[in-house]
Amino acid sequence: MNPHYLFNSLANLEQLIIAEKYKNSQIFISEFSQLLRDVLVNSRQKLISLTQEFCFIKKYIQVEEIRLQRSIDFKISHSDELPVDHILIPVMILQPIIEN
């Protein structure tokens with residue numbers, strides 16, 4: 001995860017608090033801490049399942065929605081026949097694509 005992203009996220013949290021948007025601040029802290037936990041846990045592994053990566057991407061987008069204060073329309077779809085629990089990919093391989 002890019003240090004610039006961390007700085008911007010914390011700056012956005014600060015702005016939520018200054019604007020007295022306490023409920024959004026609490027939600028952001030909860031979602032952001034879960035995202036950071038996933039980053040730390042997953043960084044110890046070289047590969048994770050596609051399912052885990054999809055879950056991470058969903059959390060990342062939830063944090064972005066709060067940070068940017070707007071809804072992001074997205075959909076992750078795959079064939080039901082695709083064994084996403086058994087397909088292993090490098091950790092955070094999709095995140096830079098989603099971020100940009």
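Rings of Phe, Tyr and Trp (its six-membered ring) pair if their centres lie within 6.5 Å; planes under 30 degrees apart count as stacked, over 60 as edge-to-face and the rest as tilted. This is a predicted model, where local features need pLDDT of at least 70, side-chain atom pairs count only at pLDDT 80 or more, and totals for chains, interfaces and linings use all residues. Residues are numbered from 1 along each chain as its sequence is written, and side-chain values use heavy atoms, leaving out hydrogens and water.

**Exercise 1.** Find how many aromatic pairs there are, and classify the pair Y5 and F32.

Step 1: the pairing rule gives 3 aromatic pairs.
Step 2: the ring centres of Y5 and F32 are 6.4 Å apart and their planes lie at 50 degrees, so this pair is tilted.
Step 3: Y5 sits in helix α1 (residues 3-18) and F32 in helix α2 (residues 22-42), so the pair links parts 27 residues apart in sequence. Helices are DSSP runs (H or I, at least four residues), and strands are too (E, at least two), numbered from the N terminus.

**Exercise 2.** Classify the pair F28 and F32.

Step 1: their ring centres are 5.2 Å apart with planes at 15 degrees, so the pair is stacked.
Step 2: Y5, F28, F32 and Y60 form one aromatic cluster.

**Exercise 3.** Which residues does I87 touch, not counting those up to four places away in sequence?

Step 1: I87 is in the loop between α3 (50-68) and β2 (88-90).
Step 2: with contact meaning heavy atoms within 4.5 Å, I87 touches I48, S49, L50 and L82.
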